[in-house]
Amino acid sequence: MGRAFVYVIVGGGVAAGYAALEFTKRGVSPGELCIVSEEPISPYERPALSKGYLLPEAPARLPSFHTCVGANEERLTPKWYNEHGIELVLGTRVKSADVRRKTLLTTTGETISYKFLIVATGARALKLEEFGLSGSDAENVCYLRNLADANRLVNAMQSSVGGNAVVIGGGYIGMECAASLVINKIKVTMVFPEAHCMARLITPKIASYYEDYYKSKGVTFIKGTVLSSFDIDSNGKVVAVNLKDGSQLPTDMVVVGIGIRPNTSLFEGQLTLEKGGIKVNGKLQSSNSSIYAVGDVATFPLKLFGETRRLEHVDSARKSARHAVAAIMETDKMGEFDYLPFFYSRVFTLSWQFYGDNAGEVIHFGDFSGSTFGAYWVNKGHLVGSFLEGGTKEEYETLAKATRLKPAVEDLDELERQGLGFALAA
Ligand code: FAD
Ligand code: NAD
Ligand code: ISD
């Protein structure tokens, strides 16, 4: 059995939702577009899963956070796809792709053919087993990538109120889930191998501010070590976490956030890969001219810094998806994707934004004993990155604009003295 479409999107996450919106804005006809997704629900704003979804009071629930509300655009419900003649094939994994024949084979045995394919398969959470450990299947061990994971996490939290949780990993998932656990009245111990949290992005000085804040909320940090094993009871629940440094942490639940791997396997050996993702050009087009890749799975040229990057953040998923659709539908007119990396997080009453690149020398500014502070990264005499905690909308916009301009920085002391003023004047 088989069906044919002009445009097919494989993957039904953030990028797929924004691509669908862009297709309709550019005039796709009913019956031309199909989205095939392993998830049983239409595209939603994944960031909500580690934030509003985990709140004990008035938690965010679908359909409120279907794409594209995260960018203040229309909320695309299943009805919206239906009304626009977009075929949603949900709860269905694509198990193989034949790029020569331009076909996808699904787990239901259907063959779906395309003229243009957008790969938006995102990424999967790394499992402890990939580091030689075991225990991921225990009922109170939680990962967080999709709605099913989030529901499992909510259930585990509800059974652990007043108890203890161990969070493995000091990255985005670790920090955002730790905050949610605290808000759910669960005592948290965070364990990670680095010297400070969020080591991929922030400086020791900024990390120290966040760690102190978390400590004031009762969070304990155990750094420079990793998990060695779980103690699991006869009901299949983890009751203690054993660390390589020899310590043992009794616990009611565990959250694991130890990074991701892009879902490239369908195309390995068929498309060129780079830096763990599908290599694309400035139009988001892969080594096969009928196939585009967007979001977490794409390694694209970052014009601003003259190198290729694969990013794992929602803004780049949204914008790369829209650019790919524009490039497919307006082939001659579309320029290259010219992206300024933008990352953010919100936990407790804290909120930060980051723009650009965290390369080169770091200049901190602002009041680290108060609530507004930041940092600039200066590389080869130019400002290339900026971070701000506790800024206003206008301040973040200013920072983004200034970072994109990559202004020359002649005097680092002066930059430190001017702080946000430097961005305002740039
Ligand atoms: P995804 O949104 O992961 O979508 C991929 C889709 O492809 C999924 O539906 C998946 O089931 C499907 N799929 C995969 N393989 C197949 C297959 N073979 N067949 C069919 N379907 C398939 N970023 C930020 O910038 N800020 C945040 O605050 C933030 N919070 C986050 C919170 C959480 C809990 C998580 C997990 C991520 C967060 N991110 C955040 C990252 C952001 O959500 C991702 O960068 C973004 O979702 C990437 O979009 P994507 O469409 O590329 O992939
Ligand atoms: P991450 O890369 O941010 O952090 C992984 C962390 O795992 C590292 O900081 C390290 O502390 C830890 N680690 C690595 N190996 C380990 C090991 N063997 N044992 C113990 N700890 C180990 O990844 P994540 O936190 O898992 O996040 C997953 C994805 O979700 C990322 O793509 C991230 O960008 C995305 N996300 C983003 C946001 C945001 O942008 N606000 C929020 C949530 C999730
Ligand atoms: O970007 C985001 C984000 O941080 C969320 O929580 O999108 C979601 C939506 O704003 C949820 O409605």
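Analyst: An oxygen atom of ligand 1 is 2.7 Å from an N or O atom in the side chain of Arg46. That is a polar contact, defined as a pair of N or O atoms within 3.5 Å; within protein, one must be able to donate a hydrogen and the other to accept it, and residues adjacent in sequence count only if both atoms are side-chain atoms. Lys51 places a polar side-chain atom 2.4 Å from an oxygen atom of ligand 1. For Asp296, the distance from a polar side-chain atom to a ligand 1 oxygen atom is 2.7 Å. Alone, ligand 1 exposes 990 Å², and the protein buries 93% of that (Shrake-Rupley areas, 1.4 Å probe; for residues, only the protein chains shown count as cover).

The model is predicted: local features need pLDDT of at least 70, side-chain atom pairs count only at pLDDT 80 or more, and totals for chains, interfaces and linings use all residues. Residues are numbered from 1 along each chain as written, chains are lettered from A and ligands numbered from 1 in the order written, and side-chain values use heavy atoms, leaving out hydrogens and water.

Now the shell. Ligand 1 is surrounded by 32 residues (a heavy atom within 4 Å). Glu39, Arg46, Lys51, Arg145 and Asp296 are the closest. The shell holds 13 nonpolar, 11 polar and eight charged residues (Ala, Val, Leu, Ile, Met, Phe, Trp, Tyr, Cys and Pro are nonpolar; Asp, Glu, Lys and Arg charged; the others, Gly among them, polar).

Ligand 2 has 21 residues around it. The closest are Glu176, Glu194, Gly259, Glu312 and Tyr344. Glu176 brings a polar side-chain atom to 2.8 Å from a ligand 2 nitrogen atom. Backbone also takes part: an N or O atom of Tyr172 lies 3.1 Å from an oxygen atom of ligand 2, and one of Gly171 lies 3.4 Å from a ligand 2 oxygen atom. Taken alone, ligand 2 exposes 840 Å², of which the protein buries 86%. Its shell divides into 10 nonpolar, seven polar and four charged residues.

Last, the cysteines. The disulfide count is zero (a disulfide is a pair of cysteine sulfur atoms within 2.5 Å). Cys34 is too far for a bond because its sulfur is 18 Å from the closest cysteine sulfur, in Cys68. Cys142 is in no disulfide either; the nearest cysteine sulfur, that of Cys177, is 8.7 Å away. Cys142 counts as buried at 0% relative accessibility (buried is under 20% relative accessible area, exposed over 50%, partly exposed in between; 1.4 Å probe, protein chains only).
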